[in-house]
Amino acid sequence: MGRYTGPACRLCRREGQKLFLKGARCYMAKCAIEQGHAAPGQHGARRGRKMSEYGQQLRQKQCLRRQFGMQELQFRRFFKEALRRKGVTGEILLQLLETRLDNMVYRLGFASSRRAARQFVLHGHIMVNGKVATIPSMIQKVGDVIEVRDRPRSRDMAARSLEAATTQQTPTWVALDRREFRAELQSIPTREQIAPIVDEQAIVELYSR
């Protein structure tokens with residue numbers, strides 16, 4: 001199954017919350033969630049039905065997976081890596097997702113959404129530690145330096161995105177130099193510093209079935 005290319009707002013409506021998939025539009029009044037649109041599908045408008053424990057766990061997983069724009073097999077690989085490492089599996093999973101290169105490009109404001117950040121990386125506009133990086137899922141380590149390539153097209157696109165990202169705060173765990181379009185990962189984010197509002201323990205329980 002290929003990557004989802006349909007309407008991004010449909011995914012937000014399905015999960016019943018903002019996944020911030022369309023950049024600045026997600027902060028506008030025209031956002032489907034702000035307007036109270038029902039979930040897609042024939043029975044999307046039905047309210048009040050009780051969801052099973054499995055259904056609740058599945059929704060948490062789907063919400064997180066869709067927020068980061070990942071396919072199921074790729075998401076499952078990240079979970080297995082989190083399971084392999086020492087510590088709280090759910091928290092480690094979120095930390096791995098947050099330190100993905102495409103997510104960091106988005107969080108730094110170099111791209112308006114994670115989908116745009118993925119394209120930005122794939123098209124060779126980003127460098128990591130002085131070398132061009134084209135793998136969006138690359139995990140960054142403490143001390144890694146991410147910068148936009150010193151090319152007019154790359155810098156212009158990043159500058160426009162930074163200018164538009166007025167409602168987005170730069171993570172406290174990175175040091176961003178807007179003038180040089182460069183940032184350094186200073187620490188692995190704690191659970192309190194991570195943006196996704198999900199019950200990660202429900203995801204762990206789902207995969208542990």
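This is a predicted model: local features need pLDDT of at least 70, side-chain atom pairs count only at pLDDT 80 or more; totals for chains, interfaces and linings use all residues.
Reader: What pattern do they follow along the sequence?
Author: Along the sequence, the pattern reads α-α-α-α-α-α-β-β-β-α-β-β-α.

Reader: What is the order of the five strands in the sheet?
Author: The strands form an open sheet in the order β2-β1-β3-β5-β4, and their pairing is antiparallel.

Reader: Which are the edge strands?
Author: They are β2, covering 131–132, and β4, covering 174–177; each of them pairs on one side only.

Reader: How many bridges join β1 to β2?
Author: Strand β1, residues 126–128, is joined to β2 by two bridges, and the two strands run antiparallel. Within this pair, Val-128 of β1 stands opposite Lys-131 of β2.

Reader: Let us move to the loop between β2 and β3. Where is Ala-133 found?
Author: Ala-133 lies in that loop, which leads from β2 to β3 (145–148).

Reader: Is Ala-133 buried or exposed?
Author: Ala-133 is buried: its relative accessible area is 4%, and the cut-off for buried is under 20%.

Reader: Which residues does Ala-133 touch?
Author: Leaving aside residues up to four places away in sequence, Ala-133 touches Leu-101, Val-121, Ile-126, Met-127, Val-128 and Met-138. Of these, Ile-126, Met-127 and Val-128 belong to strand β1.

Reader: And what separates the C-alpha atoms of Ala-133 and Ile-146?
Author: A distance of 9.3 Å separates them, and the two residues are 13 residues apart along the chain.

Reader: Turning to the helices, at what angle do α4 and α8 pack?
Author: Helix α4 (residues 89–98) packs against helix α8 (residues 200–207) at an angle of about 105°, and their axes are 8 Å apart. The two helices are therefore roughly perpendicular, as angles of 65 to 115 degrees are classed that way.

Reader: Which residues make the contact?
Author: From α4 come Thr-89, Gly-90, Glu-91, Leu-93 and Leu-94, while α8 contributes Glu-200, Ile-203 and Val-204. By type, the residues of this contact are four nonpolar, two polar and two charged.

Reader: Finally, the protein as a whole: what share of the residues counts as buried?
Author: Of its 209 residues, 44% are counted as buried. The accessible surface is about 11800 Å², and carbon and sulfur atoms hold 50% of that surface.

Reader: What share of the contacts is between residues 24 or more positions apart?
Author: Among contacts with a separation of 6 or more, such pairs account for 57%.

Conventions:
Residues are numbered from 1 along each chain as its sequence is written. Side-chain values use heavy atoms; hydrogens and water are left out. Two strands pair if DSSP finds at least two bridges between them. Helices (H or I, at least four residues) and strands (E, at least two) are DSSP runs, numbered from the N terminus. Axes are lines fitted to C-alpha atoms, for helices over the stretch in contact, and angles run from 0 to 180 degrees between N-to-C directions. Angles under 35 degrees count as roughly parallel, over 145 as roughly antiparallel, 65 to 115 as roughly perpendicular and the rest as oblique. Contact means heavy atoms within 4.5 Å. Ala, Val, Leu, Ile, Met, Phe, Trp, Tyr, Cys and Pro count as nonpolar, Asp, Glu, Lys and Arg as charged, and the others, Gly among them, as polar. Buried means under 20% relative accessible area, exposed over 50%, partly exposed in between (1.4 Å probe, protein chains only). Accessible areas come from the Shrake-Rupley method with a 1.4 Å probe; for residues, only the protein chains shown count as cover.
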